[in-house]
Amino acid sequence: MRSLIAAVAQMGPIARDEPRSSAVKRMCAMMSESADRGATLVVFPELALTTFFPRWYMKGAALDHWFETEMPNPAVQPLFDLSVRLNLTFHLGYAELTPDGHRFNTAIMVECGRIVGKYRKIHLPGHREPEDWRPFQHLEKRYFATGDLGFPVFDAVGGKVGMCICNDRRWPETWRMLGLQGAELVALGYNTPLHYPPAPEHDHLQYFHNALSIQAGCYQNGLWALASAKAGCEEGCDLIGGSMIVAPTGEIVAQAQGVADEVITSRIDLDRCAEIRRNIFDLAQHREPQTYGLLTAPTAG
C-alpha cells in the first residue's frame, strides 16, 4: 500500500494591502497544523500570496507588484524553510514574471524545500480589455500568457503527481492529459467568484460545477485530487470555498465547511487508482484515439 496523509489548506480572503508576509505567516500556521495531523503533503490555492488582482485594471509598476521574479524569494523563504523542518511537501500558486518578461499564472510543488514540479496555467478565463458593465474585472487573458509547459507529471510523495489551476479543472482535456501520463494525484488551486457576471443565472450552481468538474476528472481518469480554494469576501468579491479531497472513484472524502482559513486532511492510498484503471477506464485497452480528431483540431475564429 502506497498511502499518505494529505492536507488541503483553504485560505480566506487576502486584502489588497495585505503584505505577502501576512499570507505566508497564515500558510506556515496551516503547514504546521497539517504536519501535526500527520500530513506529508499540503496544497495551497491559486495566487496564494496576494489578493486576486486580475479583478482590477492595472499596468506598469502597479501590475509588476503582484508578480514574483524568483522562487523562492525572501518573502516566501519561510515556507521553504518550514518544509525542510517538517519534512513536508507543499503546492503553491503564484503570479510569475520570467527574466525575459513573460507573465504566467504558475504553481509549483516543493518537496522538503526543493522545487520538484512546475506548471503554468493553460486554460485562461476572463477577458483582455476592461468591461465597465462588470461589477469586477477578470483580466487573466490580459495579465497572463498561456502556459508553455504542457501538463507535466513528475515524481513526488511516492507517486506520480500533476497540477492544474482553477479554470483548467473545468476542461476534461486537462484531466485526460494528466491521466494518460499516469498521474495518480492532481493538486489544484482556485479563486472562483460566487457571482458570474456573463451568466448570473448560473450563480447558484458555482459550488455544484466546482465539485462536478473535479469528481468527473478523478473518476474518468482514476486519480486523486486535492483542490484548494481562496474563499470568502475578498475586496467586495465573494469567492466560493468548497475545498475538497476526491478519490479515484469520484467520491468526496473530505471537504471544507466554511470560507475562512481551514485545513482538511485525509489518508489517501495511491494504489486505489488501479480500481478504476484496471476496469471501466482502462485507457490502454478501451480508448479509441483514432476517432478523436476534433479534440486536437485548430480552434475556430
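Predicted model: local features only at pLDDT ≥ 70, side-chain atom pairs only at ≥ 80, totals over all residues.

Reader: Why is Phe-67 called buried?

Author: Buried means under 20% relative accessible area. Phe-67 has 5% relative accessibility, so Phe-67 counts as buried.

Reader: And what does Phe-67 touch, not counting residues up to four places away in sequence?

Author: Quite a list: Arg-20, Phe-53, Ala-95, Glu-96, Leu-97, Arg-103, Phe-104, Tyr-143 and Phe-144. Then there's Leu-49, which is 18 residues from Phe-67 in sequence and 9.6 Å away in space, C-alpha to C-alpha.

Reader: On to helix α5. Which of its residues are buried?

Author: In α5, residues 172-180, they are Thr-174, Trp-175, Leu-178 and Gly-179.

Reader: How do you know that the buried residues of α5 line one face of the helix?

Author: Look down the axis of α5: its buried residues fall within an arc of 125°, so they line one face. Just after α5, by the way, Gly-182 takes a positive phi of about 85°.

Reader: Which residues touch the most other members of the largest nonpolar core?

Author: That core has 47 residues, and the ones you want are Met-109, Leu-185, Ile-214, Trp-224, Leu-226, Ile-245 and Ile-268. Leaving aside neighbours within four places in sequence, Ile-268 is in contact with Arg-2, Ser-3, Leu-4, Ala-6, Leu-185, Trp-224 and Ile-245. Apart from that core lies another, of 28 residues, including Ala-23 and Phe-90.

How values were computed: Residues numbered from 1 in each chain as written. Heavy atoms only, no water. Core = buried A, V, L, I, M, F, W, Y, C linked by side-chain atoms within 4.5 Å. Buried < 20%, exposed > 50% of the residue type's maximum accessible area, 1.4 Å probe, protein only. Contact = heavy atoms within 4.5 Å. Helix = DSSP H or I, 4+ residues; strand = E, 2+ residues; numbered from the N terminus. Arc of directions from axis to C-beta.
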